[in-house]
Amino acid sequence: MTLEANKLSEQQISDDLTQLKTIAATHKAPGAPLATETISIDGQELDVFANVPANLYELYQLGLEAADQTFLVYQEERLSFSESLDIALRMARVLKEKYAIELGDSVAICARNSPEWCIAYMAITAMGAIAVPMNSWWKGPELKFGLTDSDSKLIFLDPARLNLVKPFIEDLDVQVVMIKPEENSSYGEFYQLARAVQPLSNKEFAQIQVLPEDKASIMYTSGSTGMPKGVLSTHRSIINALYTWKFVKEITEILRPELVDENPEYPPALLANVPLFHVTGSHAQFLASFIYLRKFVMMYKWDADVALQLIEQERISVFHGVPTMAWEIMQSPKFAATDLSSLRAVQSGGAPRPPEHLNMIMQKFPDAAVPGLGYGLTETNAIGAIISGKFYASRPNSTGRPTPPVTSVKIVDESGKTLEDGQVGEICIKGPTVMKGYWNNPEATAEVIKDGWFHSGDIGMLDELGFLIILDRAKDIVIRGGENIGCAEVEYAISEHPEVNEVSVYGIPDERLGEMPCASIMLQEGSTLSDEQLTSFLSSRIAGFKIPERFYFQYEQLPRIATGKIAKKELRQKAIDLLQAGA
């Protein structure tokens, strides 16, 4: 089925949206499982879900409805919901009694995806500590900053990350628990520690009293200035994000009953193909699986051929990742021979998807595998707008309508005035999923949260039917394959090279990754700095995905705009022209 064949007329879209509103209204009736209520949070009157878990510990208890069903899958490891929760409650006791972690303490995780990563997150948040998922691609200086900034008292590490923190971990007085150690270590090993104690009891958890507005996580996001900022979220904000997706899923299935399988041959299963330190991985994939009682199948690393093998072997129902991943598996020579009949959704987030990719999905994947796209930010716990199916085919340039029923979206001009549909301005989001603020950074928080509205830095518009169209970014950010890269941070790292006078970093379009970072650099007179030398210099300072794909060296000052700032747009266009010319 092609993109064109799935398009709806404007009248059909309008009729379907009217039906959606009617369905949403019945779901919000008092006593309904997904009913909402209005409460005051930090002086703002907000709609929140009324009949949902009060904290993440209660969320994890939902898994016991399918206690013996397989939950966590990683290579040869398989754990049921009950086994995963049992180990998490044991690790919670280890944190509390061996490492003296208390309510409100920060505990970091820096490792590749694994069952231990998931269980560590469960243990930390269940006992009321703050989970700090760190980017596992960070280098030593970035990890040192994150541990210091978050005030972490303990970190879960795998061997690769342990080697990066060894030079400074003792000075920071941060305790360590090892995940999958490759050799004997002076640090405690995850499973040995957990299995040596009894799980914390329900009575003990009740005594801890984790409240909905208690701090749950600090997730670092690259900003337009300086080092990454820690996004602080509460138990309520995360849980409202999860139930927003459930609400949207239920409404979609009412509109498309053919997607509901009354007697499924296999339980729901998701391929976990993005890092758990992203909100897509931790929220939309991992935590949401407790609500759907869904098998969570992790990959050692992204590989399109392995992904196809797992889809067939594990009967994956949801393929969810950054847009490039769907594109890569469609390009695989193994695609045509793979049994994809279990798929019910091909979803993506973290970056825009080119319309030609969407057309290819609708042609190559089974008709039952409905394509979808979501828009959200770390600061909103991945909530903003969502689109799927025929709506998506009809609005391939859109990221969907604001997610009901607890999220609002508006477009404002530079003075903060709300704009009419069809007018272009900054996208603002309001609701209970919006962060409490940036950790230890009230000034940065005040810049983006105004009267309860989070100012995203993204430029867009709402069309006449309320679909959100993203046009540009106000913030100086490059999104490479779903990874946010703060241009300023990369510029600072490049500027540390003694032969660099000044630098400007920007993103240029890339068919596979969406964007890739490039840099225009003014060198010192007589410098012979090469691409390879500068890449080597940066490799110990910033994560590899942040290093520019191309460097453009010159000895003249970089061009300026009238205010005296570097003319970044001019440099970007020049780089695009050179690439198109084959230079």
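Tutor: Ring pairs link Tyr60, Phe71, Phe81, Trp117, Tyr121, Phe286, Phe290 and Phe296 into a cluster, where rings of Phe, Tyr and Trp (its six-membered ring) pair if their centres lie within 6.5 Å, and planes under 30 degrees apart count as stacked, over 60 as edge-to-face and the rest as tilted. Please keep in mind that this is a predicted model, in which local features need pLDDT of at least 70 and side-chain atom pairs count only at pLDDT 80 or more, while totals for chains, interfaces and linings use all residues. Residues are numbered from 1 along each chain as its sequence is written, and side-chain values use heavy atoms, with hydrogens and water left out.

Student: How many aromatic pairs does a search of the whole structure find?

Tutor: The search finds 22 aromatic pairs. In one of them, Phe81 and Phe290 have ring centres 6.2 Å apart and planes at 65 degrees, so this pair is edge-to-face.

Student: Where do Phe81 and Phe290 lie?

Tutor: Phe81 lies in helix α3 (residues 81-98) and Phe290 in helix α11 (residues 279-292), so the pair ties together parts that are 209 residues apart in sequence. Helices here are DSSP runs of H or I with at least four residues, strands are runs of E with at least two, and both are numbered from the N terminus.

Student: Is Phe81 buried or exposed?

Tutor: Phe81 is buried, with a relative accessible area of 3%, and Phe290 is buried too, at 2%. Buried means under 20% relative accessible area, exposed means over 50%, and partly exposed is in between, with a 1.4 Å probe and protein chains only.

Student: OK, new topic: which residues have the most contacts inside the largest nonpolar core?

Tutor: That core has 94 residues, and those with the most contacts inside it are Tyr60, Tyr121, Phe156, Phe190, Phe286, Leu287 and Phe296. A nonpolar core is a set of buried Ala, Val, Leu, Ile, Met, Phe, Trp, Tyr and Cys residues joined through side-chain atoms within 4.5 Å. A second, separate core of 42 residues includes Leu162, Val174, Val490 and Ala493.

Student: And what is Phe286 in contact with?

Tutor: Leaving aside its neighbours within four places in sequence, Phe286 is in contact (heavy atoms within 4.5 Å) with residues including Phe71, Leu72, Cys118, Tyr121 and Phe296.

Student: Let's do sheets. In what order do the 3 strands of the open sheet come?

Tutor: The order is β27-β28-β29, with mixed pairing, and two strands pair if DSSP finds at least two bridges between them. Because β27 (500-510) and β29 (550-554) stand at the edges with a single partner strand each, one side of each is left without a neighbour in the sheet.

Student: In what sense do β28 and β29 pair?

Tutor: Strand β28 (residues 514-523) pairs with β29 in the parallel sense over 5 bridges, and Met522 stands opposite Gln554 in β29.

Student: Which strands does helix α17 lie across?

Tutor: Helix α17 (residues 487-495) lies across β27, β28 and β29, and runs at about 140 degrees to β27. Axes are lines fitted to C-alpha atoms, for helices over the stretch in contact, and angles run from 0 to 180 degrees between N-to-C directions.

Student: Last one: what do β1 and β2 form?

Tutor: They form a hairpin with 2 residues between them, and Asp42 in the turn has a positive phi of about 50 degrees. Strand β1 (residues 36-41) and strand β2 (residues 44-49) pair in the antiparallel sense over 6 bridges.
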